[in-house]
Amino acid sequence: MFPRNASETIPPSDSGFTSRISLPARIRANPFVRLAAIWEAFFVALGSLRQNKLRTALTLIGIIVGVTAVIAVVTIIKGLDQTVAQTFSSQGSTVFTISKRPQVITSREDFIKYNRRKPVTQEDAEAITRLCTACWRTGVSVNSIQPAKRGDQKVDAIQVRGVSPPSMFEIDGVTIDAGRFWTESEGAAGGDVCVVGPDVVTNLFPNESIDRAVGQDIWVGGHRYTILGVHQALGKILGLSRDNRVYIPFATYKKRFGVDFSGQSFSPSGVLVVFIQTQSADQLEAAQDQVRTIMRNRRGKTFKDDDDGFALETQEVFLKLYSSATSNIYLVTIGVAAISLVVGGIVVMNIMLVSVTERTKEIGIRKAVGARRNDILTQFLIEAVMVTAIGGVFGVLTGFGTAWLIALAIGFPLLFSAWSAVLGVGVSSIVGVVSGLWPAWRAARLDPIEALRAE
Amino acid sequence: MTETPIATATATSVVTKPNLVSPDGKIQVLIAMQNIWKTYDMGAEKVHALHGVSFEVHRGEYVAITGPSGSGKSTLMNLIGCLDTPSQGDYWLNGKNVSEMDDDELARIRNQEVGFVFQTFNLLARATALHNVELPLIYGGIPSAKRHEMAKQALGEVDLTDRMMHRPNELSGGQRQRVAIARALVNHPSILLADEPTGALDTATSYDIMNLFEKLHEDGNTIILVTHEHDIAARAHRVISIRDGLIEKDEQIK
């Protein structure tokens with residue numbers, strides 16, 4: 001009758017022994033302790049999720065909805081941003097404009113001030129062409145919306161763009177798909193010719209190829225024009241087509257619709273805009289300085305005048321304005337979408353609390369055989385994170401899917417980034433940790449005696 | 001009262017470590033309870049579950065703790081099993097002063113030094129017999145291959161080799177209790193602590209389990225049995241009777 005392990009557990013002659021053995025040191029010294037318990041926690045969590053399929057499914061849905069909302073919103077916003085950026089840079093970073101008033105006016109006072117300015121004219125454009133050495137190409141353009149028809153086919157609103165010279169097509173970033181642009185002399189003559197966008201062909205020549213449209217006549221704003229060519233599709237911006245256009249020579253436009261030189265606030269005809277393009281981006285600043293000087297001279301402005309009397313704008317300025325105007329809206333939108341993720345987190349917390357209550361006895365048993373607080377905490381945290389991480393993966397997929405459907409409906413390119421997928425799974429896992437922490441902590445702190453008594 | 005010649009546990013405020021080995025080295029003190037008090041704060045009044053209990057258990061002993069319900073024997077068992085700490089007094093288990101330990105240190109002691117057998121078995125319902133037996137080894141940090149081997153061996157010792165992959169609901173009461181005993185023994189603890197181990201079993205199965213305890217005792221295990229049944233207590237070699245939070249009787253019967 002002798003103990004199994006007396007020799008290893010009884011220290012010899014230990015009458016002077018007064019201090020406790022440092023247990024944490026012993027635990028840390030064993031590299032398998034954490035690993036074994038974590039594996040156990042992992043399989044227990046997996047088993048628990050499998051055991052309560054309906055509950056797991058409902059929790060998953062909570063998280064999936066949240067992640068879907070966030071991922072869809074982020075993806076759509078990124079897509080929109082990219083589209084806007086591409087649209088405004090289609091003319092390139094070498095283009096800037098001179099016009100009577102800027103594209104964006106933020107106050108009534110400014111609006112009145114801008115309207116008092118002298119209009120920008122074709123003569124201004126010619127002066128710039130003549131005097132600006134850093135400039136490469138100059139063109140003028142004027143826009144208005146007009147109805148169009150061909151036979152029985154009618155379109156209520158079409159963008160009519162009077163441009164000159166023909167190199168203005170290149171500044172606009174427009175290339176020909178079928179037919180040709182007009183020549184310099186044809187343009188100067190003010191002939192009734194036009195270059196149309198592919199949408200115009202689709203609308204006015206249903207079921208006909210673009211080649212068939214070339215050489216035919218259409219009516220725009222009550223006048224007849226012969227189609228010389230069809231330009232290549234430019235795509236949509238914010239759901240608005242840029243291919244529903246009719247280009248006509250500036251001289252023709254002036255003759256037919258007039259150009260607003262009057263200074264009226266809202267004239268039915270458009271306002272002249274001078275487009276200037278440099279050969280490379282690094283010449284842009286020099287060109288802008290030259291053009292500003294030329295224009296100020298022509299307006300008789302001295303250094304004392306604060307106001308130029310015209311607006312010099314690059315597309316980048318507009319893009320910056322767009323970003324600053326929309327970034328707050330985006331943040332709010334993402335924030336609102338994130339609320340559903342918070343709700344998902346609360347669902348997880350609720351379920352975890354139920355799970356802890358249900359498994360009080362199990363926790364008691366585990367503690368009785370030596371599970372430490374951390375072991376129990378880890379077990380429930382792993383369970384919570386497992387649900388939310390799986391929910392995150394599905395949420396990213398459905399989020400991308402939702403964004404794809406919306407993009408398909410509105411019509412803009414989509415950007416599926418790995419970054420946002422990682423973000424979606426990461427954020428949902430963090431939601432798991434945050435919402436699992438309190439229930440897990442409650443489980444870890446359970447008194448083993450009380451826990452064992454539970455049923 | 002059985003006076004042992006080894007230790008004189010004095011109830012003073014100074015922590016005194018008892019001598020653990022007799023001068024001839026033959027008797028080793030495994031448990032030394034020194035003036036243990038357990039007080040529960042029930043709001044206005046304090047309830048004393050134990051009023052200064054002192055006793056020792058030597059390695060290899062087979063002790064039954066008996067007493068009517070409310071006598072404090074469950075409280076004592078929780079203290080011996082390191083599920084709880086005393087309000088006052090010192091408890092030395094295998095040379096360690098358990099009364100001063102925190103939760104995690106107690107968990108470690110439960111894992112290494114104590115093997116529990118409960119009245120209601122307390123097995124994990126969803127886990128196989130093998131996994132249930134492995135549980136203490138998991139929290140003891142034993143690598144899985146070694147774990148399997150140890151758990152299989154422990155199940156073999158209680159004659160359940162052919163039931164290893166069964167879940168508790170596929171086992172009879174006696175088999176469940178044997179799984180629980182295998183779990184209690186798998187880590188080679190210093191003491192095997194059984195709380196009414198036959199309380200949920202029929203008479204025949206009860207005798208089987210008691211025979212198993214006897215065999216384990218003959219193998220050298222130290223066993224402490226808590227029971228209110230006299231015939232069960234009579235199987236032990238020493239009986240400690242508790243009444244009103246005090247030791248009423250402590251007698252060597254074999």
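This is a predicted model: local features need pLDDT of at least 70, side-chain atom pairs count only at pLDDT 80 or more; totals for chains, interfaces and linings use all residues.

Find the open sheet of four strands in chain B, where the order is β2-β1-β4-β5 and the pairing is antiparallel. Which strands stand at the edges? Select 45–58 for β2 and 96–97 for β5 in chain B: each has a single partner strand, so one side of each is left without a neighbour in the sheet. If you're wondering what holds such strands together, strands of a sheet pair through backbone hydrogen bonds, either parallel or antiparallel.

Now pick out β1 (residues 29–42) and β4 (residues 88–93) of chain B. How many bridges join them? Five, and the two strands run antiparallel. To see the pairing at one spot, click on I31(B), which stands opposite L93(B) in β4(B).

Next stop, still in chain B: a pair of helices. Two packed helices are described by the angle between their axes and the distance between the axes. Select helix α3 (residues 129–139) and helix α4 (residues 144–157) of chain B; their axes come within 9 Å and cross at roughly 120°. The crossing is right-handed.

Time to hop over to chain A. The secondary structure here comes to 17 helices and 12 strands. Chain A has 455 residues, and 38% of them are buried. Among its contacts between residues at least 6 apart in sequence, 82% join residues at least 24 apart.

For the last stop, select helix α6 (residues 122–131) and helix α12 (residues 284–298) of chain A. How do their axes cross? At roughly 135°, coming within 10 Å, and α6(A) and α12(A) are therefore oblique to each other. α6(A) passes α12(A) in a right-handed crossing. Show D124(A), A127(A), I128(A) and L131(A) in α6(A), then V291(A), I294(A), M295(A) and R298(A) in α12(A), and you have the residues that meet. Six of the residues in this contact are nonpolar and two are charged, with no polar ones.

Definitions and conventions. Residues are numbered from 1 along each chain as its sequence is written. Chains are lettered from A and ligands numbered from 1 in the order in which they are written. A residue is buried if 20 or more other C-beta atoms lie within 10 Å of its own, exposed if 12 or fewer, and partly exposed in between; C-beta atoms are placed from the backbone. Two residues are in contact if their C-beta atoms, placed from the backbone, lie within 7 Å. Two strands pair if DSSP finds at least two bridges between them. Axes are lines fitted to C-alpha atoms, for helices over the stretch in contact, and angles run from 0 to 180 degrees between N-to-C directions. Angles under 35 degrees count as roughly parallel, over 145 as roughly antiparallel, 65 to 115 as roughly perpendicular and the rest as oblique. A crossing is left-handed if the near helix is turned anticlockwise from the far one by less than a right angle, and right-handed if clockwise. Ala, Val, Leu, Ile, Met, Phe, Trp, Tyr, Cys and Pro count as nonpolar, Asp, Glu, Lys and Arg as charged, and the others, Gly among them, as polar.
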